[in-house]
Amino acid sequence: MQTRPRRYHHGDLRAALLTRAEETLAEKGPGALSLRELARDLGVSHAAPSRHFKDKQALLDALALAGFERLLATLTASQDTAGESFADRLGALARTYVGFATANAELLDLMFAVKHDPEASEALVKASQSMGGLAAELITDAQRRGEVREGPLEAIAIPIFSTLNGFARLAVSVTLPSATLDRDLEHVIAHTLRGCAPDSPAPR
């Protein structure tokens, strides 16, 4: 009996590989990723993925880059629909970031791991820094409007990101009860806003 030959049926194999790789990453972790296994899942020859990714590390780099690009697009969209005040914009940013982190825990871990690799591509480094650019714009604009205390950008941005990222990690690890997650995040946002508020004038 003649076996049915495999057919190359993907119009964009690179995109199909990345999609399936992200699914595998979420289901089984980075250790389960294999170009050969991805090829088998997609029904193409085991050599086909090499046309797009020379090895597993190249695949991981591409996954991380796509993750940062998607995160930035999501965060930017949150600002487009938020109110004009710093409280509204920071709240939208925080909810969106935590939402992305909890929905893409394995991908976020990969993104931050790969970006610190000394051999990370220029495109990946640039994409990882774009999130900081968005936060910087948010803070400096709020400082001009008198909504955020004066001071070096890093002194405000680093505590904000550390707080949000820490909360996201706790949420992902199920340390925080899911039933109160939204309420807990609102407390974190309120606490962060108080920390960013302009200094009160000294009493006379």
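Contact, in these legends, means heavy atoms within 4.5 Å. The model shown is predicted.

**View 1. Helix H4 against helix H8.** Phe86, Ala87, Leu90, Gly91, Ala94, Arg95 and Val98 of H4 are in contact with Leu185, Glu186, Ile189, Thr192, Leu193 and Cys196 of H8. By class, these residues comprise 9 nonpolar, 2 polar and 2 charged. Helix H8 spans residues 181–196, and its axis lies 10 Å from that of H4, at an angle of about 135°. H4 is therefore oblique to H8. The two helices form a right-handed crossing.

**View 2. Helix H4 against helix H6.** Helix H4 covers residues 86–103 and helix H6 covers residues 122–144; their axes come within 10 Å and cross at roughly 160°. Because of this angle, H4 is roughly antiparallel to H6. The crossing of H4 past H6 is left-handed. On the H4 side the contact is formed by Phe86, Arg89, Leu90, Leu93 and Tyr97, and on the H6 side by Met131, Leu134, Leu138, Asp141 and Ala142. Of the residues in this contact, 8 are nonpolar and 2 are charged, with no polar residue present.

**View 3. Helix H3 against helix H4.** The axis of helix H3, which runs over residues 56–80, comes within 9 Å of the axis of H4, and the two cross at roughly 150°. H3 is thus roughly antiparallel to H4. The crossing in which H3 passes H4 is right-handed. From H3, the residues Gly67, Arg70, Leu71, Thr74, Leu75, Ser78 and Gln79 take part, meeting Arg89, Ala92, Leu93, Thr96, Tyr97 and Phe100 of H4. This contact contains 6 nonpolar, 5 polar and 2 charged residues.

View 4. The structure contains 3 aromatic pairs, among them that of Phe112 and Phe161. The ring centres of Phe112 and Phe161 are 6.3 Å apart and the ring planes stand at 50°, so the pair is tilted.

View 5. An unreviewed UniProt entry lists residues 34–53 as "DNA-binding region". In the model, this stretch is 40% helix and 0% strand. The C-alpha atoms at the ends of residues 34–53 are 11 Å apart.

Definitions and conventions. Residues numbered from 1 in each chain as written. Predicted model: local features only at pLDDT ≥ 70, side-chain atom pairs only at ≥ 80, totals over all residues. Heavy atoms only, no water. Axes fitted to C-alpha atoms, helices over the stretch in contact; angles between N-to-C directions. Helix = DSSP H or I, 4+ residues; strand = E, 2+ residues; numbered from the N terminus. Parallel < 35°, antiparallel > 145°, perpendicular 65-115°, else oblique. Left-handed = near helix turned anticlockwise from the far one by under 90°. Nonpolar A, V, L, I, M, F, W, Y, C, P; charged D, E, K, R; others polar. UniProt positions renumbered as here; feature names shortened; annotations may be inferred. Phe/Tyr/Trp six-rings, centres within 6.5 Å; stacked < 30°, edge-to-face > 60°.
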